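Trainee: I would like to go through the pockets, cavities and chain contacts of this model. Can we take them one at a time?

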Amino acid sequence: MSRLFPAPLLSVALFVLWLLLNLSVSPGNLLLGAVLGILAPILMAPLRPQHAHVRRPWAIAKLIGRVGLDVIHSNLLVARGVLRAGSTPPRSAFVHIPLDLRDAHGLAALSMITTVVPGTVWSELALDRSVLLLHVFDLEDEKAFIEHFKHTYERPLREIFE
Amino acid sequence: MNEAIVLPFWLELLVSTLLLLGSLFALIGAIGLVRLKDFFQRMHPPALASTIGAWCVAAASILYFSVLKQSPVLHAWLIPILLSITVPVTTLLLARAALFRKRTSGEHVPEEVSSGRDRGN
Amino acid sequence: MSGLLAYAVLASLFIFAIAMGLALIRVFRGPSAQDRVLALDYLYILGMLMMLVLGIRYASDTYFEGALLIALFGFVGSFALAKFLLRGEVIE
């Protein structure tokens with residue numbers, strides 16, 4: 001079973017992607033999508049050095065919802081900051097964040113989240129993955145920001161990936 | 001194209017609002033790109049178009065085509081998903097390139113984060 | 001398509017065009033190479049969103065494929081440029 005489906009989630013995602021791209025659920029497309037979903041992960045298996053172990057689907061759903069809300073919220077904040085940049089320049093700063101998350105996939109997800117949310121850009125990660133350099137668009141309180149960051153993003157990712 | 005289908009007014013209003021919202025956010029992002037003073041500040045506004053701008057336009061497209069064809073047409077949703085995967089990659093690489101170039105030219109940016117230092121606690 | 005939606009589509013295309021013009025200002029003004037790459041990256045995202053809006057204007061699915069192509073090529077282009085800035089070589 002695990003030889004046939006080395007990455008079941010990837011197979012399902014490819015299958016759905018194929019159907020969405022073709023906009024039909026005709027038998028031919030279902031078959032082609034299934035072939036793609038089964039063959040592509042098998043062919044790609046030698047290229048992937050390590051497998052992700054994803055747990056707790058509920059935590060994932062909660063995290064995605066949280067990120068969606070944060071994106072909308074920080075979009076409005078950044079838009080306001082841009083429009084007011086003439087009178088009150090944004091207090092941009094680099095922040096060093098000590099990390100407890102070590103899993104490579106978790107860190108990849110974290111970098112995706114920080115970059116997708118406007119207002120924070122992932123800039124650099126120490127080689128031993130212990131410190132993260134983050135650029136923040138409008139920083140009010142460094143301590144509170146680090147606390148918020150670790151609580152809302154890092155902790156759920158640790159639950160999911162570790 | 002099917003001329004017989006007349007779109008209800010609420011749908012036109014919704015699609016129009018979403019389109020205008022998306023384009024306004026994209027415009028604010030461009031204004032930020034021009035107005036802000038520092039390169040690292042300028043890295044933030046483009047995220048407006050790639051997140052909420054793309055969401056609004058994709059939602060408008062999905063709504064419009066779903067009613068026009070009288071069946072769910074969801075493929076426009078692929079665009080925001082694709083963007084949320086590809087944009088972080090380029091942004092990350094660009095941030096690292098900017099840090100690298102500014103360090104070599106001696107501008108004031110943080111030192112390279114190394115293990116053990118800057119641990120904080 | 002009736003009046004309201006047609007005007008909204010035109011207006012949003014117009015706003016996207018202004019945004020592209022502003023991004024072009026940043027491309028030409030620089031000052032550093034990474035600024036130009038960032039603005040080019042923004043240009044392709046705007047172009048892709050414009051394709052989606054055009055798809056609504058002409059009620060055609062074909063524009064979606066165009067948007068997808070722009071997304072893929074834009075990504076590869078920006079990635080190669082950023083990589084070049086980082087090391088001075090695209091392929092190592």
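Trainee: By class, how many nonpolar, polar and charged residues does the lining of the second largest pocket have?
Mentor: Keep in mind that this model is predicted. The second largest pocket holds about 780 Å³ of space. Its lining is made of 30 residues, and those closest to the centre are A:Ser74, A:Leu77, A:Val136, A:Asp138 and A:Leu139. By class, the lining splits into 14 nonpolar, eight polar and eight charged residues.

Trainee: Which element gives the most to the lining of the second largest pocket?
Mentor: Start with the elements that give two or more residues: helix 3 (57-83), helix 4 (104-116) and helix 5 (142-161) of chain A. With eight residues, the top contributor is helix 3 of chain A.

Trainee: Which residue does A:Arg66 meet in a salt bridge?
Mentor: Side chains of opposite charge can pair when their charged atoms come close. The N to O distance is 3.5 Å, and the partner is A:Asp70.

Trainee: How far apart are the C-alpha centres of domain 1 and domain 2 of chain A?
Mentor: First, the bounds. The domain assignment puts domain 1 at 8-47 and domain 2 at 57-161 of chain A. Between the C-alpha centres of these two domains the distance is 33 Å.

Trainee: What share of the area buried between chain B and chain C do carbon and sulfur atoms give?
Mentor: Look at who takes part. Chain B brings 54 residues to the contact, and chain C brings 50 residues. The area buried between them is about 4500 Å², and the share from carbon and sulfur atoms is 78%.

Trainee: Which residue of chain C forms a salt bridge with B:Lys69?
Mentor: Over all chains the count is eight salt bridges. Between chain B and chain C it is two. For B:Lys69, the closest N and O atoms are 2.9 Å apart, and the partner is C:Asp61.

Trainee: Now the cavities. What is the volume of the largest cavity?
Mentor: The cut-off here is 30 Å³ or more, and three cavities pass. The largest cavity has a volume of about 120 Å³.

Trainee: Which residues lie nearest the centre of the largest cavity?
Mentor: At least two residues each come from strand 2 (120-125) of chain A, helix 3 (46-69) and helix 4 (78-104) of chain B, and helix 2 (33-57) of chain C. The classes are nine nonpolar, six polar and one charged. Of the 16 lining residues, those nearest the centre are B:Met43, B:Pro46, B:Ala47, B:Val87 and B:Thr91.

Trainee: Which element gives the most to the lining of the second largest cavity?
Mentor: This cavity has a volume of about 50 Å³. The elements giving two or more residues to its lining are helix 3 of chain B, plus helix 2 and helix 3 (62-87) of chain C. With three residues, the one that gives the most is helix 2 of chain C.

Conventions
Residues are numbered from 1 along each chain as its sequence is written. Chains are lettered from A and ligands numbered from 1 in the order in which they are written. This is a predicted model: local features need pLDDT of at least 70, side-chain atom pairs count only at pLDDT 80 or more; totals for chains, interfaces and linings use all residues. Side-chain values use heavy atoms; hydrogens and water are left out. On a 1 Å grid over the protein atoms alone, a cavity is a set of points where a 1.4 Å probe fits but cannot get out, and a pocket is an open set with protein on both sides within 12 Å along at least five of seven lines; lining residues have an atom within 4 Å of a point. Grid points are joined across faces, edges and corners, and a volume is the space filled by probe spheres set on the points. Helices (H or I, at least four residues) and strands (E, at least two) are DSSP runs, numbered from the N terminus. Ala, Val, Leu, Ile, Met, Phe, Trp, Tyr, Cys and Pro count as nonpolar, Asp, Glu, Lys and Arg as charged, and the others, Gly among them, as polar. Domain bounds come from an automatic or database domain assignment. Contact means heavy atoms within 4.5 Å. Buried area is the accessible area (1.4 Å probe) that two parts lose on being put together, summed over both. A salt bridge is a side-chain nitrogen of Lys or Arg within 4 Å of a carboxyl oxygen of Asp or Glu.
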